[in-house]
Amino acid sequence: MNVSATEFVHRDMIRFIAGILEESDADPRWLTLELTESLMAETSARMRQTLRALRDLGVGLSIDDFGAGYSSLRYLEALPVTEIKIDRGFVQAMPESATKRIIVEAVVRLGQELGAAVVAEGIETENERVMLCDIGCPYGQGYLFSRPLPPQMFLKLVGNGLPLGPIAGQTSFSGASDAPSPSHNATQIQQLVEFF
């Protein structure tokens, strides 16, 4: 779920998310909040405290579009992130740019060392998927796998037990991901989807 700095300012995110988790009885490991650049730029003690409290609930925190704009390695140190999403501009340029491939590989290794899941965004070709597998990127998203889906179609995929993230058929990776398996928790996913 994408969240912005505005949502954090105008809403008690801890209470909001805790209420959704309680009402839906969903496993908090199934919810990852994608932090926008404007939110990451807000590094006050209050914001860090809020993000830490969300992590204490068991909710994941993802740095969206890592490598683009003003995203910085400093965020990996300052924020309790559980996931790094590599910006699609790096992913799609890998076949033509050895430099971008090296950067993507470095982010994948960095994520693994930090125990954070790494997701490559914007995968559109089989060649990009193969390159990402070759460098050990465990998760991906993009049109190669599916166009954006309405919630009910997404739930149908989950209900069929189709893999929803691993790009090389892995069920886990060497980091510290403890997310439950999609095929075992379709009901909880449906409950979260209904809230958002």
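## Basis of the description

Two strands are taken as paired if DSSP finds at least two bridges between them. Helices (H or I, at least four residues) and strands (E, at least two) are DSSP runs, numbered from the N terminus.

This is a predicted model, in which local features need pLDDT of at least 70 and side-chain atom pairs count only at pLDDT 80 or more, while totals for chains, interfaces and linings use all residues. Residues are numbered from 1 along each chain as its sequence is written, and side-chain values use heavy atoms, with hydrogens and water left out.

## The sheet

Six strands, in the order S1-S2-S3-S4-S5-S6, form an open sheet with parallel pairing. Strand S1 (2-3) and strand S6 (139-140) stand at the edges with a single partner strand each, so one side of each is left without a neighbour in the sheet.

Strand S4 (residues 83-86) runs parallel to strand S5 (residues 117-120), and four bridges join them. Glu 83 has Ala 117 in S5 as its bridge partner.

## Helix H2

In H2, Met 13, Ile 17, Ile 20, Leu 21 and Ser 24 are buried (under 20% relative accessible area; exposed is over 50%, partly exposed in between; 1.4 Å probe, protein chains only). Seen down the helix axis, these buried residues fall within an arc of 95°, so they line one face of H2; the arc is that of the directions from the helix axis to the C-beta atoms.

Arg 15, Glu 22 and Glu 23 are exposed on the other side of H2. Asp 25, with a positive phi near 55°, follows the helix.
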